[in-house]
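Please take a moment with the sequence and the model before reading on.

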Amino acid sequence: MTSADPLGQGRGGEIAGIVAGDRFAKLRETMIAFRDAREWRQFHDPKNLAEGLSLEVAELLEIFLWKTTEESRLMVADPATIAKVREEVADCFLYCVLVADAFGIDLIDAGHEKIEINGRKYPADKSRGRREKYDAL
Ligand SMILES: [Mg+2]
């Protein structure tokens, strides 16, 4: 794995013979078509989209409400929990796609850029095994 390939997906972001960028572009197009077929764009202003994203994150958090840290670690092997988390992370992701689209942001580029920024804030040699914020390293 290199800094140009932070997820270790191989050359060109290819995963199992499918170019990741093409998969994202198809997902984005499908989401936009879903929205437009329902004439929901009129409701998808930046404020509403950000609120929707926040609510979906809350639904993800609700899965772990009142669980201990140890219980939450065990939940990763529970099929029912996996199904719930899968649904909520998909909701969060789709809202991120819509928020990015509203601002003309390339979400994949923004994600790569943010990983690079975080890499500068949290150099591995200073942050390995530590949980302090970057300004306290
Ligand atoms: Mg949801």
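The chain's secondary structure consists of six helices and two strands, where helices (H or I, at least four residues) and strands (E, at least two) are DSSP runs, numbered from the N terminus. Followed along the sequence, these elements give the pattern β-β-α-α-α-α-α-α. This is a predicted model, in which local features need pLDDT of at least 70 and side-chain atom pairs count only at pLDDT 80 or more, while totals for chains, interfaces and linings use all residues. Residues are numbered from 1 along each chain as its sequence is written.

Of the 137 residues in the chain, 4% are buried, a word used for a residue with 20 or more other C-beta atoms within 10 Å of its own, whereas 12 or fewer make a residue exposed and anything in between makes it partly exposed, with C-beta atoms placed from the backbone.

Helix α4 covers residues 79-102. Its 24 residues, at 1.5 Å a residue, should span 34 Å, and its end C-alpha atoms are 35 Å apart, which agrees; the expected span here is 1.5 Å times one less than the number of residues. The buried residues of α4 are Y95, V97 and L98. Y95 counts as buried because it has 21 C-beta neighbours inside 10 Å, whereas V99, with 17 such neighbours inside 10 Å, counts as partly exposed.

What does V99 touch, leaving aside its neighbours within four places in sequence? V99 is in contact with P46, L49, A50 and L53, contact meaning that the C-beta atoms of two residues, placed from the backbone, lie within 7 Å.

By class, the contact of α2 with α4 has 14 nonpolar, one polar and four charged residues, where Ala, Val, Leu, Ile, Met, Phe, Trp, Tyr, Cys and Pro count as nonpolar, Asp, Glu, Lys and Arg as charged, and the others, Gly among them, as polar.
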